[in-house]
Amino acid sequence: CYHRDFLAVNDVSFQVKKGETVGIIGKNGAGKSTLLKMITGVVKPSFGNIELSGNVSALLELGAGFDAERNGIENIYLHGRINGLSKKEIDDSVEEILDFADIGDFVYQPIKTYSSGMLVRLAFAAAVNVKPEILIVDEALSVGDVRFQQKCYRKIREFKRNGTVLFVSHDTGAISSFCDRVIWLDEGKIFKEGEPGELIKEYLAFMRYDVKDGEL
């Protein structure tokens, strides 16, 4: 054997209720993105089961699910068809997506020419306009400018009224503002979960001083 097994996510089990917004926090490498990829079906778990009830739309790492050689319009249609929308449904939503993304004539250019900010604008606009029941967002909003971030947060707040959200972010302010419950991952396991208030304070103390439960 020339390798050792590494479990990015190990023995993680939790439930999310319909209409609940759950934040997932943890330092880099804690397993957050891998967990979301498994939930969305991008990565298959080595063992265990994941059960979903409702259609899912996800904003994972930049460019996921997009074709770099195609332009913005073509990728809107590609994303919509992957998510089960008919051509007519996409036709009806294109104008709304373009208005939200607000990247002008760049929609006619291949997305490989986009900046990271332009790409996340298009990706978020496409993700929220497929009318999902479950929205999954993984840190991608951090590359957008402040104005666009606020625009996205307003859209998430609007979506929360009828949908379920899984939200990964290092922005603890956003986690506190949006989430009903927080799951703290550490080294691939759930370290703690609970309401945002006290748990965020403890997490920030750990990130600043590498202290958990008063241990040095």
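User: Where along the protein chain does Asp11 lie, in relation to strand E1?
Analyst: In this predicted model, the strand to look for is E1, which covers residues 21-25. Phi of Asp11 is near 60°, a positive value in a residue other than glycine. As for its place, Asp11 lies in the segment before strand E1.

User: Is Asp11 buried or exposed?
Analyst: A residue counts as exposed when its relative accessible area is over 50%. The value for Asp11 is 66%, so Asp11 is exposed.

User: Which loop holds Glu187?
Analyst: Glu187 has a positive phi of about 55°, although Glu187 is not a glycine. With a relative accessibility of 61%, Glu187 counts as exposed. Its place in the chain is the loop between E5 and strand E6, the latter being residues 189-194.

User: In what order do the elements of the protein chain run from the N terminus on?
Analyst: The protein chain has seven helices and six strands. Read from the N terminus on, these elements follow the order β-α-β-α-α-α-β-α-β-α-β-β-α.

User: Why is the protein chain said to be as compact as a globular protein of its length?
Analyst: The C-alpha trace spans about 55 × 45 × 35 Å along its principal axes, and 42% of the 216 residues count as buried. For 216 residues the globule rule gives 17 Å, and the chain is as compact as a globular protein of that length because its radius of gyration is close to that value, at 18 Å.

User: What kind of aromatic pair do Trp184 and Tyr203 form?
Analyst: There are nine aromatic pairs by the ring-centre rule. For Trp184 and Tyr203, the ring centres are 5.3 Å apart and the planes meet at 85°. Planes over 60 degrees apart count as edge-to-face, so this pair is edge-to-face.

User: How many residues apart in sequence are the parts that the pair of Trp184 and Tyr203 ties together?
Analyst: Trp184 counts as buried at 1% relative accessibility, and Tyr203 counts as buried at 4%. Because Trp184 lies in strand E5 (residues 181-186) and Tyr203 in helix H7 (residues 196-209), the pair ties together parts whose separation in sequence is 19 residues.

User: Which residues form one aromatic cluster with Trp184?
Analyst: Trp184 also pairs with Phe206, in a tilted arrangement with 5.6 Å from centre to centre and 45° between the planes. That pair links distant parts of the chain, with Trp184 in strand E5 and Phe206 in helix H7, 22 residues apart. Phe206 counts as buried, at 5% relative accessibility. The residues that form one aromatic cluster with Trp184 are Phe191, Tyr203 and Phe206.

User: Which residue lies over the face of Phe100?
Analyst: For a charge to sit over a ring, the charged atom must be within 6 Å of the ring centre. The distance from the ring centre of Phe100 is 4.8 Å, and the residue over its face is Lys151.

User: Which element gives the largest share of the lining of the largest pocket?
Analyst: About 970 Å³ of space lies in the largest pocket. Of the 35 residues that line this pocket, those closest to its centre are Phe14, Ile39, Asn49, Ile50 and Glu51. Helix H1 (32-40), strand E3 (134-138) and strand E4 (164-168) are the elements that give two or more residues to the lining. The largest share, four residues, comes from H1.

User: How many nonpolar residues does the lining of the largest pocket have?
Analyst: Sorted by class, the lining of the largest pocket has six charged and eleven polar residues. The count of nonpolar residues in this lining is 18.

Methods: Residues are numbered from 1 along each chain as its sequence is written. This is a predicted model: local features need pLDDT of at least 70, side-chain atom pairs count only at pLDDT 80 or more; totals for chains, interfaces and linings use all residues. Side-chain values use heavy atoms; hydrogens and water are left out. On a 1 Å grid over the protein atoms alone, a cavity is a set of points where a 1.4 Å probe fits but cannot get out, and a pocket is an open set with protein on both sides within 12 Å along at least five of seven lines; lining residues have an atom within 4 Å of a point. Grid points are joined across faces, edges and corners, and a volume is the space filled by probe spheres set on the points. Ala, Val, Leu, Ile, Met, Phe, Trp, Tyr, Cys and Pro count as nonpolar, Asp, Glu, Lys and Arg as charged, and the others, Gly among them, as polar. Rings of Phe, Tyr and Trp (its six-membered ring) pair if their centres lie within 6.5 Å; planes under 30 degrees apart count as stacked, over 60 as edge-to-face and the rest as tilted. Buried means under 20% relative accessible area, exposed over 50%, partly exposed in between (1.4 Å probe, protein chains only). A charge sits over a ring if NZ of Lys or CZ of Arg is within 6 Å of the ring centre and within 35 degrees of the ring normal. The radius of gyration is taken over C-alpha atoms; the globule rule is 2.2 Å times the number of residues to the power 0.38.
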